[in-house]
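Hi everyone, thanks for coming along.

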Amino acid sequence: MNLNSSHLLNSSYSQTEPKEEPHLIAAVELPAPDTSLNAMSEIGYPAQRTNSLVMQKTEALRQVFEQHRQERQLVILQDFPDPDALSSAWTYQLIAQEYEIQCDIVYAGTLSHQENIALVKLTGLPAQRWTAQAAKSKDLSMYTGCALIDTQGTTSQLLPIVQDSGIPITAVVDHHSLQGDLKAEFADLRPTVRATATIFTQYLQAGLLKLDSSVAQHIKCATALMHGLRSDTDRLMQAQEDDFLAAAYLSRFHDAQLLNAILQANRSKRVMDVIERSLKNRMVQNNFSIAGVGYLRYDDRDAIPQAADFLVTEENVHTAVVYGIVHDDDEELELVIGSLRTTKLTLDPDEFIKEAFGQDSHGRFFGGGRTSAGGFEVPIGFLAGYIETSDYAKKKWEVFDTQIKQKLLRLVNPKDNPIQTE
Ligand SMILES: [Mn+2]
C-alpha cells in the first residue's frame, strides 16, 4: 500500500469540514419528539417507532455508563472479529471514555481477513488479541464489567473465562438472532437491524458522543463504522432505512480515502489458494454450491467466508457453503469451520445452519447467522490433533467432508437422502 494513514487523515479535514447546521434542519423536519433527548432530532426521518426505541436505549445506556463512572471494563468480541464488531467496540470504548470508564477491547482468535488487518492498522483501532490460554492466566480483578458487542457470547472463547472470574455483563449490543438467555445490565438486541455499526451510529446521533471532525480519532472511528456497516450490508445492497440513515450521518465525518485504502487491501497467496481449492472441489446441486477445502491454518480462517463470497457469484447459484478443518500448531486446536452465503431472500441462514447441524450434547447450536450470511463451527473432539501421518489426515478429512455434505444435502435435496443412495 503506497498511501500512509497520516497523510490520508490530513487530507480528510478539508473534506469533512464544511458542515451544515444539524439543529436547523431538524427544527424544520421533526416535531421534536422528546425534549429530554433533543439531540436525537439530528436523525432526520426514520420511522417514529425506531426513533423512540433508539432514544429509550440511548438513555438507558447513558444511565448505565453513569453508574459505572471511573471503572474498567472488558469489551469482548467474537473470536474472529469483523469490521462491524471492531468498529462498534471502538465506538463503545470512545463513548465509555466520556464517563472515565476505561475499556480494553479483546478477542481470542485472530484477525485473518486482509481488510480487518488493514482496518486495524490504518485506523489504529485499539483491539488486543488475548488467547484463551493467556486470558486464564490474567488477573482480571480490575475489571468490574464486560460488554459483548456484535455477539451474544456464543462465538467467544473469552466469555466463559470472564464469567468464571465473576465479572458481570454490563452491556450486550448485537444484531444477530437471539442466541439464548443472557443476564446483562443493558441489552440492545435488534435482529432486524443489518449491522451493529448502525446501532452504535444511532447512539452517536442521539448524543451519547458528539463526533467532531477536527478530532482525528473521531474521523477514523466514523470511517471504521462506515466500513463495518458496508461490510455487513453487502456494500449497502442489503441495507435498510436505518442503515442508510446511519451511513448518511457517518458520511459527514468519515474519510473516503482512508476507507478506500482499507478496501484495497490485497488477498494473501494462501487465501487465493483456498479460493482455488473451493472452486475445484465445489459441487453444485439445486442452486447450492458446496465445497470442502481440506485443512487450513488458523490464521487463514477468513479465507473460508471469502471463498463462499466468491462461489455465490456463479450463475445459477443462490447459496454457497464452504468449510474446512482449521488447525493451530501452537495450541493443538482443531475444528471444522464453515461459512454460508446466500442471495436467496427466502433462505434464512440462521435457520438453515441450525437445521443442518442441530445441537451438541449441551444443547448449543453449532452456528447461526444473520441476513444473507451464516457460519458454523464443529469441534473435532477426540479426533483432534495434528501429529499424524498424511494418510491419516486424509482419511480424517474424508470422514468430516462426507458427514458435512450429508447433513447439507439433506436440506438441499430433501427427497434423495444421500445416506440411502444405492
Ligand atoms: Mn455484525
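So, what is the chain built from? There are 15 helices and 12 strands in the protein chain. Please keep in mind that this is a predicted model. The chain has 422 residues, and 44% of them count as buried. If we take the contacts with a separation of 6 or more, residues 24 or more positions apart account for 69% of them.

Let's begin with strand S4, residues 145-149. Is this strand buried or exposed? Here 5 of the 5 residues are buried, so S4 is largely enclosed by the rest of the structure. As a general point, side chains in a regular strand alternate between the two faces of the sheet. You can follow that along S4: Gly145, Ala147 and Ile149 point one way, while Cys146 and Leu148 point the other way, and all are buried.

Who are the partners of S4? One is strand S1, residues 72-76, which pairs with S4 in the parallel sense over 4 bridges. If you want a place to look, find Gln73, which stands opposite Gly145 in S4. Strand S5, residues 169-174, also runs parallel to S4, and 4 bridges join the two. There, Ile149 has Val173 in S5 as its bridge partner.

Now for the nonpolar cores. The largest one has 67 residues, and the members that touch the most other members are Val75, Ile76, Ala89, Ile149 and Leu225. Let's zoom in on Val75. Which residues is Val75 in contact with, leaving aside its neighbours within four places in sequence? Among them are Ala89, Tyr92, Cys103, Ile105 and Val106, and also Ala147 and Ile149. There is a second, separate core as well, with 33 residues, including Phe288, Val312, Phe357 and Ala373.

Let's move to helix H5, residues 114-123. Its buried residues are Glu115, Asn116, Ala118, Leu119, Leu122 and Thr123. Looking down the axis of H5, you would find these buried residues within an arc of 160°, so they line one face of the helix. After H5 comes Gly124, with a positive phi near 70°.

Next, please look at the sheet that begins with strand S7. It is an open sheet of 6 strands, in the order S7-S8-S9-S10-S12-S11, and the pairing is mixed. Which strands stand at the edges? They are S7 (283-285) and S11 (367-370); each has a single partner strand, so one side of each is left without a neighbour in the sheet. From one strand to the next, the twist averages 15°.

Within this sheet, S8 (residues 288-297) and S9 (residues 319-328) run parallel and are joined by 8 bridges. For example, Tyr295 has Ile325 in S9 as its bridge partner. Lying across S8 and S9 is helix H12, residues 269-281, which runs at about 140° to S8. Helix H14, residues 349-357, packs on the sheet too, where it touches S10 (333-342), S11 and S12 (373-379). The direction of H14 makes about 165° with that of S11.

Let's stop at one residue, Lys407, which has its place in helix H15, residues 390-412. Lys407 has 17 other C-beta atoms within 10 Å, which makes it partly exposed. Leaving aside neighbours within four places in sequence, Lys407 is in contact with Ala356 and Phe357. Ile353 is 54 residues from Lys407 along the chain, and their C-alpha atoms are separated by 9.8 Å.

Last stop: some backbone angles. Most residues other than glycine have a negative phi. Arg235 is not a glycine, and its phi is positive, near 55°. Arg235 is found in the loop between helix H9 (216-232) and helix H10 (241-250). It counts as exposed, because Arg235 has 11 C-beta neighbours inside 10 Å. Asn287 is not a glycine either, and has a positive phi of about 70°. You'll find Asn287 in the loop between S7 and S8. With 16 C-beta neighbours inside 10 Å, Asn287 counts as partly exposed.

Technical notes. Residues are numbered from 1 along each chain as its sequence is written. This is a predicted model: local features need pLDDT of at least 70, side-chain atom pairs count only at pLDDT 80 or more; totals for chains, interfaces and linings use all residues. Two strands pair if DSSP finds at least two bridges between them. Axes are lines fitted to C-alpha atoms, for helices over the stretch in contact, and angles run from 0 to 180 degrees between N-to-C directions. Two residues are in contact if their C-beta atoms, placed from the backbone, lie within 7 Å. A residue is buried if 20 or more other C-beta atoms lie within 10 Å of its own, exposed if 12 or fewer, and partly exposed in between; C-beta atoms are placed from the backbone. The arc is that of the directions from the helix axis to the C-beta atoms. A nonpolar core is a set of buried Ala, Val, Leu, Ile, Met, Phe, Trp, Tyr and Cys residues joined through C-beta atoms within 7 Å.
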